[in-house]
Amino acid sequence: GFRGIGLAVSDDLLNWKKTSPDPILLGDGFPQWPGNRGIAGGGPILEIPQPDGRVLYRLHYTLATGTASKELRVDQAKHAVIAHSTDGLRWTDRRVVLSPREAADYENAATIALNPWQTPTGWRAVYAGIGTRFGAYSICEAASADGLIQVEKGVMRNVARAERVTATHPWLALPCLRQHRLRRLQQGIGGGCHGLAFSGIT
């Protein structure tokens, strides 16, 4: 699996140099999964303005907590998580923002690659779910009042419904997203092959 997330810098977006051979973020830091090592990217870094004028960076990434198993929900267990930083080097305040739902068979194993955007009334996001219905990826939608999960209030919730999911390929399902026009480059693995898709959503 992946060892960690590293940091590179560039002056022209073409030539990149690593700041260190070591990762700046590992798969640890969550008491629910002590000793966890699995980690992957797949999400953006948001700039959150602070009252004192500073910028707080919020990194959306994927925490892989599964273990080798023939059971998909054990082998592919993953969660959408975040961490915060003021300098891009030291990341703290790790939180789980979206986890698999047992009742949704298209995402009962993993919720990964959460990509949020802010709206006038809150936050929305697209993400990839992995579940037993398709055995691999489905593209889903989520909503939040503040962009953070509030477990006691249930602020972050999955809004994709099973009846809204239409499969055009055994490992890809697209719910209907109508409120925003989005463009995204997505990599997929399934059905014995790899694929890249550039999609526009209106």
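Leaving aside neighbours within four places in sequence, Arg58 is in contact with Pro44, Ile45, Leu46, Ile48, Ile82, Ala83, His84, Asp146, Gly147 and Leu148. The model is predicted. The protein has one helix and 15 strands, and buried residues make up 39% of its 202 residues.

**Arg58**

- Arg58 belongs to strand E5, which covers residues 55-64.
- Although Arg58 is buried, it has no salt bridge.
- The side chain of Arg58 does make a polar contact with the side chain of His84, at 2.9 Å.
- His84 is also in the list of residues in contact with Arg58, as are Ile82 and Ala83.

**Overall figures**

- The accessible surface of the protein comes to about 11,800 Å².
- Carbon and sulfur atoms account for 54% of that surface.
- Among contacts between residues at least 6 apart in sequence, 41% join residues at least 24 apart.

**Nonpolar cores**

- In soluble globular proteins, nonpolar side chains tend to be buried together.
- The largest nonpolar core here has 13 residues, of which Ala80, Val97, Leu98, Tyr106, Leu114 and Tyr127 touch the most other members.
- Two or more residues of this core come from each of strand E6 (78-85), E7, strand E9 (122-130) and strand E10 (137-144).
- A second, separate core has eleven residues, including Ile39, Leu59, Val81 and Val96.

- Most residues other than glycine have a negative phi.
- Asp93 is not a glycine, yet it has a positive phi of about 55°.
- Asp93 is found in strand E7, residues 92-98, and is partly exposed, with a relative accessible area of 36%.
- Ala113 also has a positive phi of about 55° without being a glycine.
- Ala113 is found in strand E8, residues 110-119, and is buried, with a relative accessible area of 9%.

**Salt bridges**

- Side chains of opposite charge can pair when their charged atoms come close.
- The count of salt bridges comes to eight.
- Asp52 and Arg54 meet through their side chains in a salt bridge of 2.9 Å, N to O; Arg54 is partly exposed, at 49% relative accessibility.
- Glu107 and Arg101 form a salt bridge of 2.9 Å, N to O.
- Within that pair, Glu107 is buried, with a relative accessible area of 0%, whereas Arg101 is partly exposed, at 26%.
- Arg133 forms a salt bridge with Asp105, the closest N and O atoms being 3.0 Å apart.
- Arg133 lies in the loop between E9 and E10 and Asp105 in the loop between E7 and E8, so this pair ties together parts that are 28 residues apart in sequence.
- Both partners are partly exposed: Arg133 has a relative accessible area of 34% and Asp105 one of 31%.
- Glu71, Arg73 and Glu102 are linked in a network of salt bridges.

How values were computed
Residues numbered from 1 in each chain as written. Predicted model: local features only at pLDDT ≥ 70, side-chain atom pairs only at ≥ 80, totals over all residues. Heavy atoms only, no water. Helix = DSSP H or I, 4+ residues; strand = E, 2+ residues; numbered from the N terminus. Buried < 20%, exposed > 50% of the residue type's maximum accessible area, 1.4 Å probe, protein only. Contact = heavy atoms within 4.5 Å. Areas by Shrake-Rupley, 256 points an atom, 1.4 Å probe, with all protein chains shown as cover. Core = buried A, V, L, I, M, F, W, Y, C linked by side-chain atoms within 4.5 Å. Lys, Arg positive; Asp, Glu negative; His and termini not counted. Salt bridge = Lys/Arg side-chain N within 4 Å of Asp/Glu carboxyl O. Polar contact = N/O pair within 3.5 Å; in protein donor to acceptor, adjacent residues only side chain to side chain.
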